[in-house]
Amino acid sequence: MSKSAARARLAEIIRKRSFGRGEITLASGRRSDFYFNLKPTMLDPEGATLLAELTYEALKDDNLDFVGGLEMGAVPLAGAIAQLSWIKGHPIAAFFVRKKPKEHGARLAVEGLARGETLRGKRVVIVEDVTTTGGSALKAVEAVRDAGGEIALVLTMVDREEGASETFAKAGLAFRALYKASEFLRG
């Protein structure tokens with residue numbers, strides 16, 4: 001399947017499984033008359049495959065060591081990208097950042113690294129399912145930087161186009177999106 005055909009097919013899946021109209025309060029606290037819940041797409045066999053393929057293609061030339069982001073939105077995506085990157089012969093390891101470190105055990109904020117493994121000096125992409133203002137991704141950025149990682153960029157599946165670009169620009173972070181909300185609002 002060509003990249004444009006994969007992108008069009010994934011947009012169909014997102015539209016069917018993950019996009020809706022109706023009043024909702026977003027994680028940012030803002031109210032909206034449309035929403036994206038990408039978990040049904042990320043956990044669908046075809047949706048997961050297409051998201052991983054398109055994301056991997058968008059990232060493969062960025063010389064990355066790790067892919068991850070804030071739980072829960074980044075978890076299925078980071079795992080799928082890590083798996084596909086291994087199959088493609090260019091492994092990118094995955095991790096996730098807890099919203100709140102566990103109060104028992106190792107009390108880690110960053111999960112998925114083996115004992116002795118670190119993000120120190122590693123190039124990292126922060127992934128997110130849906131981005132509104134960029135606040136959630138910035139929490140992951142902060143945790144990665146605290147662990148010594150270098151943020152190469154932030155990549156979202158869907159940019160709601162409500163301030164994230166400006167937030168990341170102000171923070172000096174490169175930002176890319178596979179889709180913009182306007183693509184779904186037009187259709």
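1. In which helix is Arg186 found? In this predicted model, Arg186 belongs to helix H7. The residue is exposed, its relative accessible area being 64%. Along the chain, Arg186 and Ser2 lie 184 residues apart, and their C-alpha atoms are separated by 23 Å in space.

2. Helix H1 covers residues 3–17, 15 residues in total. From its first C-alpha to its last, H1 reaches 21 Å, close to the 21 Å expected at 1.5 Å a residue. Its buried residues include Ala6, Leu10, Ala11, Ile13 and Ile14. An α-helix has 3.6 residues a turn, so residues three or four places apart point the same way.

3. The partners of the buried side of H1 are both strands and helices. Among the strands are S1 (19–25), S2 (31–36) and S8 (175–180). Among the helices are H2 (39–42), H3 (45–59) and H7 (181–186).

4. Two packed helices are described by the angle between their axes and the distance between the axes. For H1 and H3, the axes come within 10 Å and cross at roughly 135 degrees; the two helices are therefore oblique to each other. The crossing is left-handed. On the H1 side, the residues that meet H3 are Lys3, Ala6, Arg7, Arg9, Leu10 and Ile13. Their counterparts in H3 are Glu46, Gly47, Leu50, Leu51 and Leu54. Of these H1 residues, Ala6, Leu10 and Ile13 are buried.

5. H3 also packs with helix H4 (residues 74–87), the axes coming within 9 Å and crossing at roughly 70 degrees. H3 and H4 are therefore roughly perpendicular to each other, and their crossing is right-handed. H3 contributes Ala48, Leu51, Ala52, Glu53, Thr55 and Tyr56 to the contact, while H4 contributes Leu77, Ala80, Ile81, Leu84 and Ser85. Leu51 of H3 meets H4 and is also listed in the contact with H1.

6. Leaving aside neighbours within four places in sequence, Ala52 is in contact with Ala80, Ile81 and Leu84. The C-alpha atoms of Ala52 and Ile81 are 4.9 Å apart, although 29 residues separate them along the chain.

7. Helix H5 (residues 135–146) has twelve residues, which should span 16 Å at 1.5 Å a residue; its end C-alpha atoms are 17 Å apart, in agreement with that value. Ala137, Ala140, Val141, Ala143 and Val144 are buried in H5. These residues cover an arc of only 165 degrees around the axis, which puts them on the same side of H5. Lys139, Glu142 and Asp146 are exposed on the face turned away from the buried side. The cover over the buried residues includes strands S3, S4 (93–97), S5 (110–111), S6 (123–131) and S7, together with helix H6. After H5 comes Gly148, with a positive phi near 90 degrees.

8. Most residues other than glycine have a negative phi, and most peptide bonds are trans. Asn63, which is not a glycine, has a positive phi of about 55 degrees. Asn63 sits in the loop between H3 and S3 and is exposed, with a relative accessible area of 54%. Glu161 likewise has a positive phi, near 60 degrees. The loop that holds Glu161 runs between strand S7 (150–159) and helix H6 (164–170), and at 40% relative accessibility Glu161 counts as partly exposed.

9. The peptide bond between Glu71 and Met72 is cis, with omega about -5 degrees. Met72 is found in the loop between strand S3 (66–70) and H4.

Definitions and conventions
Residues numbered from 1 in each chain as written. Predicted model: local features only at pLDDT ≥ 70, side-chain atom pairs only at ≥ 80, totals over all residues. Heavy atoms only, no water. Helix = DSSP H or I, 4+ residues; strand = E, 2+ residues; numbered from the N terminus. Expected span 1.5 Å × (residues − 1). Buried < 20%, exposed > 50% of the residue type's maximum accessible area, 1.4 Å probe, protein only. Contact = heavy atoms within 4.5 Å. Axes fitted to C-alpha atoms, helices over the stretch in contact; angles between N-to-C directions. Parallel < 35°, antiparallel > 145°, perpendicular 65-115°, else oblique. Left-handed = near helix turned anticlockwise from the far one by under 90°. Arc of directions from axis to C-beta.
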